[in-house]
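My plan is to pick a few pairs and look up where each partner sits.

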Amino acid sequence: MMQTTKVILLRHGECEGGNILRGQIDVALTEQGKKQMQTALSPLFSNEFSNEFSGTLSDESPDDCLPDIVMSSPLIRCAKVAQQFAEKHQLGFVIEDRFKELNFGDWDGKTFDTLYQCYAAELDAYWANPWKIPPPNGESMQAFEYRIGDAWQSMLEAHQGQCVLLVTHGGVIRHLIAKALGVSQAGGFYTSLKLPYAAKVEIDVLHDSDKQYMTLNWG
């Protein structure tokens, strides 16, 4: 019997630290970032939960919008809001380490001004084709995509036919968009996908026997 798994991908909100390269550095959301997450999750929030974020939201909170399970990257910019949401709605909550952002190694957590003063040529080459040049002492794009793909498949097997809210990072979401579109190792593709803070993307996965079909859903 065919089943559809709906995955709501949610990027974290604005973070503390300013204009830095955020990979696996663990930084909290700003107050603006919390408000961005509130806005993104407002169709799913109960009034009780939204009041904790000192915002006024619509009274409409249809139960059928609620996910069956909430999953999150372990990094605090994702996990704190995700856990609060799950607890308020009495939903299962799972931290999945493999859904962390890419590890940028020596570049991680540094300001872009500093990076371009010290690594301008390397950065330009990396953004143009990250599969060829990994960050110094960081994670290769091949390793990053492998762990995301592994986590994705594990999630689908564990929650087939359910609605999953996955709170994660821009790089993770870009890879999953590429996966849904059948794009592989296309130089410049990731940088062409604009994902603002608290952006939401939905992917439907149709399970038909031992096959899976992914569809990006803007409806």
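Entry 1: I started at Glu 96, which is buried, with a relative accessible area of 15%. I'm keeping in mind that this is a predicted model. The side chain of Glu 96 meets that of Arg 98 in a salt bridge, 2.9 Å from N to O. I then looked up Arg 98, and it comes out as partly exposed at 24% relative accessibility.

**Entry 2: the tally.** How many salt bridges does the structure hold? I get 7.

**Entry 3: linking two strands.** Next I looked at Lys 6 and Asp 204, whose side chains form a salt bridge at 2.9 Å, N to O. Lys 6 is in strand β1 (residues 3–11) and Asp 204 is in strand β5 (residues 200–208), so this pair ties together parts that are 198 residues apart in sequence.

**Entry 4: a third member.** Which residues are linked in a network with Lys 6? I found Glu 202 and Asp 204 there, joined with Lys 6 by salt bridges.

**Entry 5: one more pair.** Last, I went to Glu 139 and Arg 147. Their side chains meet in a salt bridge at 2.7 Å, N to O. Are these two buried or exposed? Glu 139 is buried, and Arg 147 is buried too.

Conventions. Residues numbered from 1 in each chain as written. Predicted model: local features only at pLDDT ≥ 70, side-chain atom pairs only at ≥ 80, totals over all residues. Heavy atoms only, no water. Salt bridge = Lys/Arg side-chain N within 4 Å of Asp/Glu carboxyl O. Helix = DSSP H or I, 4+ residues; strand = E, 2+ residues; numbered from the N terminus. Buried < 20%, exposed > 50% of the residue type's maximum accessible area, 1.4 Å probe, protein only.
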